[in-house]
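Visitor: I have a structure open and would like to learn how to read it. Could you take me through some of its features, one by one?

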Amino acid sequence: MQESDLARRMISRASAESPVPDDSAEDLLALVARGDEAAFGRLYDLAAGMVFGLVRRVLRDEAQSEEVFQEVMLEVWRTASRFDPDRGKATTWIMTMAHRRAVDRVRSAQAATNRDERVAAMSVDTPFDEVVEQVTDRIEQRKVRRCLSSLTDLQRQSVLLAYYQGYSYPEVSTLLSVPLGTVKTRMRDGLIRLRDCLGVVA
C-alpha cells in the first residue's frame with residue numbers, strides 16, 4: 001500500500017463512525033507487521049483517539065497535532081514488525097512513539113523560535129545602513145532561490161525540510177517516504193552543490 005494512499009485513508013477514517021472490533025492491539029499489530037491492511041484499519045480505530053488526544057495535549061495546536069498524528073500512524077504501519085510483546089503492551093509502544101514525535105515537534109518549533117530571537121537580537125545590537133542591508137538581503141535571497149532550483153527535487157525537499165523547517169533526518173525520511181540513508185546522501189550532495197553555487201569557501 002502506498003503511503004500517500006494510506007494517509008488519505010487515515011484522514012477519511014478519522015471522520016467515519018465505525019464500531020471498534022474487540023481485537024487486542026497486540027494481535028492487530030502482529031497482523032499489521034505482515035502487511036494486513038484490514039488489521040491496520042482496526043488498529044487505527046482502536047488507537048486513534050488515544051494517540052490524537054496525547055499529541056493534542058503536547059502540541060496544543062490543531063493543525064500540527066493532525067500532522068504529527070498522521071506521522072505516528074504511518075510509522076506504526078511501517079515499523080509494526082519491530083514491536084516486541086515481551087517488552088510491553090502494544091498501546092504503550094504506540095503511545096510512546098506518539099509522545100516522542102510530539103515532543104520532537106515542540107523542540108523543533110522552539111529551536112526555530114530561538115534562532116529567530118538570536119537573529120533579532122543581533123539586528124538590534126549591530127548598527128547598519130538599513131537600505132543597504134535590505135538590498136543585500138534581497139540579492140542573497142534571489143541567489144539562494146536560484147541555487148536551490150538547481151538541485152534535484154529530493155535534494156531540494158530534504159534541504160528545505162531540514163534547514164528551513166527544522167526537521168531531523170529521520171523525520172525528513174518519514175515525511176518524504178525515502179530511506180534514511182538516501183536522505184543523508186541526497187542531503188550531503190545537495191549541500192555540496194549549494195556551497196559551490198553560492199561560492200562558499202569550505
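**Reading the rings and helices**

Guide: Let us start with one residue. Phe83 has a relative accessibility of 12%, so Phe83 counts as buried. Keep in mind that this is a predicted model.

Visitor: Which residue forms an aromatic pair with Phe83?

Guide: First, the general idea. A pair of aromatic rings is described by the distance of the centres and the angle of the planes. Now the case here. Phe83 pairs with Trp93. Their centres are 5.6 Å apart, and the planes make 55 degrees, a tilted pair. Phe83 sits in the loop between α4 and α5, while Trp93 belongs to helix α5. They are ten residues apart, and the pair links distant parts of the chain.

Visitor: Is Trp93 buried or partly exposed?

Guide: Partly exposed, because its relative accessible area is 21% and buried means under 20%.

Visitor: How many aromatic pairs does the whole structure hold?

Guide: A search finds four. Take Phe52 and Phe69 as another example. This pair is edge-to-face, with 5.8 Å from centre to centre and 90 degrees between the planes. Phe52 is in helix α3 and Phe69 in helix α4 (residues 62-79). The two are 17 residues apart, so to speak a link between distant parts of the chain.

Visitor: What about the burial of these two?

Guide: Phe69 is buried, at 8% relative accessibility. Phe52 is partly exposed, with 23% relative accessible area. Ring pairs also join Tyr44, Phe52 and Phe69 into a cluster.

Visitor: Let me step back. How many helices and strands does the protein have?

Guide: Nine helices and zero strands. Along the sequence the pattern reads α-α-α-α-α-α-α-α-α. Of the 202 residues, 31% count as buried.

Visitor: How do I read the contacts of the chain as a whole?

Guide: Look at how far apart the partners are in sequence. Take contacts between residues at least 6 apart. Of these, 64% join residues at least 24 apart.

Visitor: Which residue shows this well?

Guide: Leu29 and Ala80 are 51 residues apart in sequence. Their C-alpha atoms are 6.0 Å apart in space. Leu29 is buried, with 0% relative accessible area. Beyond its neighbours within four places in sequence, Leu29 touches Leu43, Val76, Ala80, Phe83, Ala90 and Trp93. Phe83 and Trp93 are the tilted ring pair we began with.

Visitor: At what angle do α2 and α3 pack?

Guide: For two helices, read the angle, the distance of the axes and the residues that meet. Helix α2 (residues 25-33) and helix α3 (residues 37-59) pack at about 140 degrees, with axes 8 Å apart. The crossing is left-handed. From α2 come Ala25, Leu28, Leu29, Leu31 and Val32. They meet Ala39, Phe40, Arg42, Leu43 and Leu46 of α3. By type, the contact has nine nonpolar residues, no polar one and one charged.

Visitor: How do α8 and α9 cross?

Guide: The axes of helix α8 (residues 169-176) and α9 come within 9 Å and cross at roughly 110 degrees. That makes α8 roughly perpendicular to α9. Tyr169, Pro170, Val172 and Ser173 of α8 make the contact with Leu180, Val183, Lys184 and Met187 of α9. Here six residues are nonpolar, one is polar and one is charged.

Visitor: Which residues of α8 are buried?

Guide: Glu171, Val172, Ser173 and Thr174. Ser177 follows α8 and has a positive phi, near 55 degrees.

Visitor: Where is Leu198 found?

Guide: In helix α9 (residues 180-198). Leu198 is partly exposed, at 25% relative accessible area. Setting aside its neighbours within four places in sequence, Leu198 contacts Lys143, Val144 and Cys147. Lys143 is 55 residues from Leu198 along the chain, yet their C-alpha atoms are separated by 7.2 Å.

Visitor: One last residue. Is Ser108 buried or exposed?

Guide: Buried, because its relative accessibility is 12% and the cut-off is under 20%. Ser108 is in helix α5 (residues 90-125).

Terms used
Residues are numbered from 1 along each chain as its sequence is written. This is a predicted model: local features need pLDDT of at least 70, side-chain atom pairs count only at pLDDT 80 or more; totals for chains, interfaces and linings use all residues. Side-chain values use heavy atoms; hydrogens and water are left out. Helices (H or I, at least four residues) and strands (E, at least two) are DSSP runs, numbered from the N terminus. Buried means under 20% relative accessible area, exposed over 50%, partly exposed in between (1.4 Å probe, protein chains only). Contact means heavy atoms within 4.5 Å. Axes are lines fitted to C-alpha atoms, for helices over the stretch in contact, and angles run from 0 to 180 degrees between N-to-C directions. A crossing is left-handed if the near helix is turned anticlockwise from the far one by less than a right angle, and right-handed if clockwise. Ala, Val, Leu, Ile, Met, Phe, Trp, Tyr, Cys and Pro count as nonpolar, Asp, Glu, Lys and Arg as charged, and the others, Gly among them, as polar. Rings of Phe, Tyr and Trp (its six-membered ring) pair if their centres lie within 6.5 Å; planes under 30 degrees apart count as stacked, over 60 as edge-to-face and the rest as tilted. Angles under 35 degrees count as roughly parallel, over 145 as roughly antiparallel, 65 to 115 as roughly perpendicular and the rest as oblique.
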